[in-house]
Amino acid sequence: MSHQFILFSFILFLSAFFLKLLYSSKRNNKSQNQSRHPPSPPGLPIIGHLHLLQPIIHQSFRDLSQRYGPLLFLKLGYARFVVASTPSLAKEILKINELTYSSRKMSTAINLVTYDNATFAFAPYDTYWKFIKKLSTTELLGNRTLGHFLPLRTSEIHEFIQNLTHKSEAREKVDLTEELLKLSNNIISKMMLSIKSSGSDDDDGQSEEARALVREVTQIFGEFNVSDFIGVFKNFDVQGFKKRAMNIHKRYDALLEKIISDREELRKKQKATEIEGVEDDDNEKVKDFLDILLDVSEDEDCEVQLTRNNIKSLILDYFTAATDTTAISVEWAIAEVFNNPRVMKRAQEEVDRVTGKQRLVCEADSPNLPYIHAIIKETMRLHPPITMIMRKGIEDCMVNGYMIPKGTVTCVNIWAMGRDPSIWENPMEFKPERFIEGEGSTIDIKGHHYELLPFGTGRRGCPGMPLAMRELPTIIGALAQCFEFNMFDSKGRILEQGKTIDMDERPGLTAPRANPLVCIPVARLNPTPFLLK
């Protein structure tokens with residue numbers, strides 16, 4: 001009897017022990033599930049998943065996400081990345097956890113070129129960043145300032161159209177890629193510094209040097225630097241990035257120092273004439289961005305004291321942000337419209353109806369050009385100017401039930417979302433009507449709809465959106481109104497009727513087309529009587 005009691009007690013004890021063990025295991029599994037990383041492909045020592053990436057990173061991320069899921073963990077050398085590819089995940093990262101993901105990852109090139117902590121575009125979310133964002137939205141890119149610069153933008157667009165008209169009359173080839181870059185450069189150069197980036201001989205070559213430097217900055221920011229990812233190479237300039245970045249920085253600094261010094265001398269002379277009571281018509285001119293920034297830097301009561309490096313870095317931020325993005329968006333739009341003649345026809349009919357064929361389309365027409373706006377949305381769905389929204393987490397964060405450690409870089413792949421058949425019907429078809437008819441008519445590009453985020457969203461959304469959305473409808477509308485295009489293929493041969501342009505991309509910060517857009521413009525009308533003299 002005593003043996004039976006002991007055996008029964010032992011079995012009861014074992015049962016209780018195993019039940020407790022099972023319960024603890026479930027708790028541990030639940031805890032592990034809450035702290036585990038998102039799905040990840042097999043990696044290699046030291047390099048992690050670098051070997052899985054192709055030169056066009058957003059395409060590689062899309063391919064990996066299709067295999068391993070919409071939330072993907074990658075180890076690129078010693079850097080941790082999480083890639084998100086659905087609107088719900090984009091909203092969770094960029095809105096619900098916005099403050100956690102309010103910083104951006106710096107790189108060797110960015111640190112060296114943008115004066116380290118003087119940058120705005122890559123600054124942490126702090127007092128300086130908040131001040132510059134407010135200054136950008138109220139002064140630099142506010143409605144009043146943009147309104148003041150309307151005649152400047154109009155003049156540059158008219159000159160651009162006149163140049164294409166001359167090429168059309170002479171049946172000459174035009175590199176539209178290059179001409180669009182010149183146009184966007186001219187506009188932002190004159191708004192920022194009152195210099196023209198091309199076609200001017202009175203600035204001692206400053207404009208052409210500024211334009212060349214912007215190109216180099218955009219290129220180096222979009223290139224892969226092994227020293228940013230592999231720890232053993234961290235202190236070595238394996239690919240010469242450091243040397244290139246320092247060269248760009250020195251040339252840019254010398255250029256800006258001269259421009260700023262010349263402007264300071266001019267301001268001193270203007271103040272002297274004001275003190276003497278001499279009237280100066282130039283005092284009535286609209287202030288450019290440099291004048292506004294110098295005013296702020298001289299204000300001793302300002303909540304943030306702008307340094308000279310802050311001013312230089314801000315000018316660089318706006319140059320790089322406003323140059324490629326606008327030009328590339330127009331280029332992709334014209335390429336898509338050329339490949340879809342019915343879209344071109346409808347766009348031309350809309351512009352002709354609004355202008356009555358009696359004048360050139362202008363910024364004031366924008367509210368009356370819903371189809372042109374739909375073309376812009378459709379272009380940015382397939383070809384967003386920035387393909388991924390990248391943020392660096394400042395603390396541990398749970399996303400979709402997974403723990404994302406502090407310091408991880410999250411990449412919202414907006415390029416992949418724009419081509420996802422679970423989000424868009426027939427996503428590879430260029431169909432502006434999707435934004436005019438049905439549910440798509442309510443989708444905007446202001447950051448409220450997470451399936452379409454070409455300008456980002458929230459606090460770190462692009463402050464240049466108001467300028468872009470004044471320029472894009474006018475430029476695209478003017479090109480549709482004035483010209484048809486005989487396009488060339490990548491081998492320099494004119495495309496036969498019914499043939500389409502290739503739509504391949506090449507690596508870069510702004511996902512440019514692989515080949516320049518070369519054409520012979522064919523005038524639909526003579527715009528010369530409508531152009532500013």
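## A hairpin, a helix and a listed cysteine

Let's start with Cys462, which sits in the loop between helix H15 (414-417) and helix H16 (465-482). Helices here are DSSP runs of H or I with at least four residues, strands are E runs of at least two, and both are numbered from the N terminus. Keep in mind that this is a predicted model, where local features need pLDDT of at least 70, side-chain atom pairs count only at pLDDT 80 or more, and totals for chains, interfaces and linings use all residues. Residues are numbered from 1 along each chain as its sequence is written, and side-chain values use heavy atoms, leaving out hydrogens and water.

UniProt, in an unreviewed entry, lists Cys462 under "binding site"; positions follow the numbering used here, feature names are shortened, and annotations may be inferred rather than shown by experiment.

| Residue | Relative accessible area | Class |
|---|---|---|
| Cys462 | 36% | partly exposed |
| Met380 | 4% | buried |

Met380 belongs to helix H14 (residues 370-382). Leaving aside residues up to four places away in sequence, Met380 touches Ser329, Pro385, Ile445, Leu452, Pro454, Phe455 and Leu472, where contact means heavy atoms within 4.5 Å.

Now for the hairpin: strands S1 and S2 have two residues between them, and Gly77 in the turn has a positive phi of about 65°. S1 (residues 71-76) runs antiparallel to S2 (residues 79-84), joined by six bridges; strands pair if DSSP finds at least two bridges between them. Leu74 has Phe81 in S2 as its bridge partner. Five of the six residues in S1 are buried.

Terms used. Buried < 20%, exposed > 50% of the residue type's maximum accessible area, 1.4 Å probe, protein only.
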